[in-house]
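Dear colleague,

Please find below the structure that I am handing over to you.

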Amino acid sequence: MKLQVDGRKARGDKRRAEIIEATLRVIERDGVAGVTHRIVAAEAGVPTTSTTYHFSSLDDLLIATLISCARDMATEVYWMIDRARSRGSRGAEEVAGLLAEALGPRRGRTMAEYELYLLAARKPELRPAARRWLDVLTSMVRHDDEVAFRVFLAGIDGLLIQGLIDDEPPSAEELRPVVDYLMKPR
């Protein structure tokens with residue numbers, strides 16, 4: 001039995017993904033305040049009617065973008081955990097590498113994601129999407145000590161925020177001792 005693929009649905013999903021990626025590029029360049037249906041449409045190379053068809057409000061667009069960011073980061077963390085386990089590592093080296101990547105080559109994307117997360121502090125309708133990242137991470141990582149795990153997550157957030165305001169992004173080697181400390185059993 002052969003499954004039929006609905007071409008319209010596949011094209012619609014592809015278009016939604018293109019619009020979300022364009023939204024992230026706009027936020028990287030102009031901040032959240034620069035996001036409008038018209039500007040995102042121009043960035044995506046689609047008519048404005050396409051952005052309003054897929055996302056009736058800017059909040060819908062921002063929520064979808066936050067969810068997409070959480071999903072992408074969860075995938076990245078999943079594979080990082082898998083690599084660490086396959087090497088018999090506790091993961092400090094992998095986490096430090098992920099942070100260095102987020103603060104170096106992916107700096108603009110990291111700033112855009114944090115700007116979206118901070119927007120959720122002002123817009124309650126965005127909060128469930130922003131919390132989704134923590135929910136996903138908590139479900140992926142085994143931990144015995146809830147307090148230590150929260151300290152670890154807060155420390156990672158702090159390292160990312162500090163790294164974003166540094167003139168030069170920290171290297172994985174510079175981040176490794178701090179990550180090691182955050183991961184120490186208590």
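The term pLDDT denotes the predictor's confidence in each residue, on a scale from 0 to 100. Helices (H or I, at least four residues) are DSSP runs, numbered from the N terminus. This is a predicted model, in which local features need pLDDT of at least 70 and side-chain atom pairs count only at pLDDT 80 or more, while totals for chains, interfaces and linings use all residues. Residues are numbered from 1 along each chain as its sequence is written, and side-chain values use heavy atoms, with hydrogens and water left out.

Confidence

The protein chain has an average pLDDT of 88, and 95% of the residues score at least 70. Confidence is highest in helix α2 (residues 37–44), at a mean of 98, and lowest in helix α7 (residues 127–140), at a mean of 78. Where pLDDT is low, the predicted coordinates should not be read in detail.

Nonpolar cores

A nonpolar core is taken as a set of buried Ala, Val, Leu, Ile, Met, Phe, Trp, Tyr and Cys residues joined through side-chain atoms within 4.5 Å. Buried means under 20% relative accessible area, exposed means over 50%, and partly exposed covers the range in between (1.4 Å probe, protein chains only). The largest such core has 27 residues, and V77, L99 and I156 have the most contacts inside it. At least two residues of this core come from each of α4 (58–87), α5 (92–103), α7, α8 and α9 (172–183). Helix α5 gives the most, with 8 residues. L99 touches I156, L159, L160, L175 and V179 (contact means heavy atoms within 4.5 Å), not counting residues up to four places away in sequence. Apart from this core lies another, of 24 residues, among them A22, L24, I27 and V46.

Helix α8

Helix α8 comprises 20 residues (residues 146–165), which at 1.5 Å a residue should span 28 Å; its end C-alpha atoms are 29 Å apart, which agrees. The expected span is 1.5 Å times one less than the number of residues in the helix. Buried positions in α8 are F149, F152, L153, G155, I156, L159, L160, G163 and L164.

Aromatic pairs

A pair of aromatic rings is described by the distance of the centres and the angle of the planes. Rings of Phe, Tyr and Trp (its six-membered ring) pair if their centres lie within 6.5 Å; planes under 30 degrees apart count as stacked, over 60 as edge-to-face and the rest as tilted. The structure holds 3 aromatic pairs. One of them joins Y78 and W79 in an edge-to-face arrangement, with 5.0 Å centre to centre and 85 degrees between the planes. Y78 counts as partly exposed at 44% relative accessibility, and W79 counts as partly exposed at 45%. Another pair, F149 and F152, is stacked, with 6.4 Å centre to centre and 25 degrees between the planes. F149 and F152 both lie in helix α8, 3 residues apart, about one turn of the helix, and both are buried.

Salt bridges

A salt bridge is counted where a side-chain nitrogen of Lys or Arg lies within 4 Å of a carboxyl oxygen of Asp or Glu. By this rule there are 15 salt bridges. Within helix α1 (residues 7–30), R15 and E18 are 3 residues apart, about one turn of the helix, and their side chains meet in a salt bridge at 3.5 Å, N to O. R15 is partly exposed, at 29% relative accessibility, and E18 is partly exposed, at 29%.

The side chains of E43 and R29 meet at 2.7 Å, N to O. This pair links distant parts of the chain, with E43 in helix α2 and R29 in helix α1, 14 residues apart. E43 is partly exposed, with a relative accessible area of 26%, and R29 is partly exposed, at 48%.

R106 forms a salt bridge with E76, the closest N and O atoms being 3.1 Å apart. R106 lies in the loop between α5 and α6 (107–122) and E76 in helix α4, so the pair ties together parts that are 30 residues apart in sequence.

A buried arginine

R109 lies in helix α6 and counts as buried, at 17% relative accessibility. R109 touches E21, L24 and E28, not counting residues up to four places away in sequence.

Yours sincerely
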